[in-house]
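Me: Hello! I am new to this structure and would like to learn how to read it. Could you walk me through it?

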Amino acid sequence: MNTMLRKSVLGIAGLAFTGGVFAGPVAAHAAEPVHSTKPVAVSVQGAQSKIDLNDEQLANAKAIIAATKKAGLPERAAVISIATSLQESKLENLGHLGDRNDHDSLGLFQQRPSSGWGTPEQITDPEYSTLAFLKGLKQVDGWDKMPLTEAAQTVQVSAYPDAYAQWEQQAADIVAHNWNS
């Protein structure tokens, strides 16, 4: 995706997100049924990374899955979300990291209050931050058919756009194990 198109998509997504924060459309999706789909076949790209998860990280992964269901999105959205969080924070709900912090990035997705993702309190709430990420993802045409790293990068605009791919298999395994629990 060229830079101008990506900036346009992100600008539209940002406006939609800002409008949504004030209008509350996420609540409208709460009553929508959860898609019951077969697990998405994972076609991972490149070498895969894997970390052992502690109880807090597993709880955060389950919170991402619950928020994905609340948004009425399929398992693929949860896989993309968890892979993104694995890359951004290793599924740890990060507060302010001082000099080690990337600008004012916080939470599971390293979202920035100064970029309109929400307040620090909102961004460090796993449900809120996941719903915010998913709102951006839904703004990406064809997100469910594109490679995970492309979908995640379009929302996150990372300095390392290809880094998300390495977590796809672990994210898919986490979702497969916890989606119906």
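**Reading the model together**

Reply: Buried means under 20% relative accessible area, exposed over 50%, and partly exposed in between (1.4 Å probe, protein chains only). Helices (H or I, at least four residues) are DSSP runs, numbered from the N terminus. This is a predicted model, where local features need pLDDT of at least 70 and side-chain atom pairs count only at pLDDT 80 or more, while totals for chains, interfaces and linings use all residues. Residues are numbered from 1 along each chain as its sequence is written, and side-chain values use heavy atoms, leaving out hydrogens and water.

Me: Which residues of H7 are buried?

Reply: They are Leu 148, Thr 149, Ala 151, Ala 152, Gln 153, Thr 154, Val 155 and Gln 156. Just after H7 comes Val 157, with a positive phi of about 55°.

Me: Which residues touch the most other members of the largest nonpolar core?

Reply: In soluble globular proteins, nonpolar side chains tend to be buried together. A nonpolar core is a set of buried Ala, Val, Leu, Ile, Met, Phe, Trp, Tyr and Cys residues joined through side-chain atoms within 4.5 Å. The largest one here has 39 residues, and Ile 80, Ile 82, Leu 137 and Trp 143 touch the most other members. Helix H3 (55–70), H4, H6, H7 and H8 each supply at least two residues, and H4 gives the most, with seven.

Me: How many aromatic pairs are found in the whole structure?

Reply: Rings of Phe, Tyr and Trp (its six-membered ring) pair if their centres lie within 6.5 Å; planes under 30 degrees apart count as stacked, over 60 as edge-to-face and the rest as tilted. The search finds one pair. Phe 109 and Phe 133 are stacked, 4.9 Å centre to centre with 10° between the planes. Phe 109 lies in the loop between helix H4 (75–89) and helix H5 (120–123) and Phe 133 in helix H6 (residues 126–138), so the pair ties together parts 24 residues apart in sequence. Both Phe 109 and Phe 133 are buried.

Me: Where is confidence lowest, and where is it highest?

Reply: pLDDT is the predictor's confidence in each residue, from 0 to 100. The chain averages 80, and 72% of the residues score at least 70. Confidence is lowest in helix H2 (residues 25–29), at a mean of 34, and highest in H3, at 98. Where pLDDT is low, the predicted coordinates should not be read in detail.
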